[in-house]
Amino acid sequence: MKQKVINILQEIRPEFDFTREVNFIDQGMLDSFDVVSLVSALDETFDISIDGMDILPENFATIDSIVGLLVKNGVQP
Amino acid sequence: MNKVQNYQEVLDAIKEVKDSGKGILTNFFPDVEKITRWINSGDFFMSKIKDSLFFFRYRDDIVNFFYFTSTLEMLNLALEELSTRMQGTYLVTDLLGKQDDVTLLEEIFRANKFYPYVTLCRMNKSSQDVLMFVNHESLKVAGRQHADSIFHLLNTYFDPVAEQLPSLEEILTWIDHGDISIFEENEEILGFVIYNLIGLTSYLRYWFVHPQHRNKKIGSVLLNKFFSASKEVKRQLFWVIQSNDNAIKRYKHYGFEPENLVDSVMTNKNVRYEAKGD
């Protein structure tokens with residue numbers, strides 16, 4: 001699952017290395033518009049509908065937080 | 001319509017709407033700092049209409065609004081009532097997303113007596129060129145004493161519908177962060193550049209040269225300041241009027257490329273953006 005998420009992120013913002021353990025939001029690697037694209041791609045890839053309340057920057061700050069969000073939405077780890 | 005008292009009210013209202021439907025459709029991307037500023041200034045309101053949520057930011061005679069709902073159908077129902085309830089108020093909203101998605105939203109808004117005002121597209125630059133930054137004696141970092149002039153210039157020369165112009169307080173915050181550079185001669189601001197550096201990304205917010213002082217390379221000095229400040233970042237971003245071919249061509253010359261991300265500004269007045277010069 002982690003690799004799928006990395007691939008999606010890489011497609012959205014190919015100029016950044018998402019395998020680095022940094023905060024993607026604080027580092028400016030993702031902004032609110034990217035988050036919208038990311039939510040749409042995650043919904044489509046994993047056939048889920050991410051809760052509106054979860055569309056907050058902190059939930060997309062790291063690979064682990066994104067994976068946590070997917071698990072919360074029923075994706076098997 | 002209720003005046004929002006604190007940020008938690010916003011989150012609670014979103015949760016309520018989300019719990020009542022499936023999916024999300026929104027142009028509201030909560031930025032705690034910005035929303036809190038609007039709440040504290042008493043300019044931020046919200047209203048729930050037919051299971052959809054609307055947020056309103058009042059500024060002078062314009063009201064920017066944001067929606068949070070589940071589906072296009074729900075948005076359509078709520079907009080119908082909103083446009084009736086707020087007839088006579090100058091409503092402005094930004095439809096953000098990929099071009100195809102925004103086209104669908106535009107149809108809904110058109111059906112509810114909204115009109116396209118202008119469309120902006122985001123451009124980005126990810127390559128790093130070798131910079132030949134040349135300092136200029138008239139180029140300086142803005143101080144708090146410049147805030148009023150910058151605020152006045154923004155409100156004089158920028159379109160308040162196409163742009164959600166910053167408040168004086170926001171300008172002061174940017175000045176405190178060193179995010180505004182000015183080109184000043186004889187204590188007159190002839191141009192300025194405003195940008196924000198966030199980690200590996202820099203956002204060019206405003207780039208301005210006074211109409212009486214154009215074609216003097218002032219714009220180039222200011223833009224170079226932005227490039228110089230952005231030398232450690234990996235991505236530089238800004239929004240430009242989509243139909244402004246000349247500006248887009250110029251930005252492409254500097255290495256920027258348009259993204260498939262647009263901002264369609266819709267209003268309930270049948271007027272169109274008129275360029276004041278770029």
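The structure is a predicted model, in which local features need pLDDT of at least 70 and side-chain atom pairs count only at pLDDT 80 or more, while totals for chains, interfaces and linings use all residues. Residues are numbered from 1 along each chain as its sequence is written, and chains are lettered from A and ligands numbered from 1 in the order in which they are written.

**Contact between the chains**
- Chain B contributes 20 residues to the contact and chain A contributes 16 residues; two residues are in contact if their C-beta atoms, placed from the backbone, lie within 7 Å.
- On the side of chain B that touches chain A, α1 (7-20) and β6 (91-97) of chain B are the elements that give two or more residues. Helices (H or I, at least four residues) and strands (E, at least two) are DSSP runs, numbered from the N terminus.
- The largest share of that side, three residues, belongs to α1(B).

**Nonpolar cores**
- A nonpolar core is a set of buried Ala, Val, Leu, Ile, Met, Phe, Trp, Tyr and Cys residues joined through C-beta atoms within 7 Å. A residue is buried if 20 or more other C-beta atoms lie within 10 Å of its own, exposed if 12 or fewer, and partly exposed in between, with C-beta atoms placed from the backbone.
- The largest nonpolar core has 59 residues, of which B:Phe54, B:Phe55 and B:Val265 touch the most other members.
- Helix α3 (residues 72-85) of chain B gives the most to this core, namely five residues.
- This core lies between domain 1 (2-89) and domain 2 (139-233) of chain B, because both give residues to it. The domain bounds come from an automatic or database domain assignment.
- Another core, of 26 residues, lies apart from it and includes B:Leu154 and B:Val221.

**Helix α3 of chain B**
- The buried residues in α3(B) are B:Met74, B:Leu75, B:Ala78, B:Leu79 and B:Leu82.
- These buried residues of α3(B) pack against elements of chain B including β3 (44-49), β4 (52-59) and α4 (99-111).

**Domains of chain B**
- The centres of domain 1 and domain 2 of chain B, taken over C-alpha atoms, are separated by 30 Å.

**Confidence in chain A**
- Chain A has an average pLDDT of 87, and 96% of the residues score at least 70; pLDDT is the predictor's confidence in each residue, from 0 to 100.
- Among the elements of chain A, helix α1 (residues 2-12) has the highest mean pLDDT (93), and helix α2 (residues 32-46) has the lowest (85).
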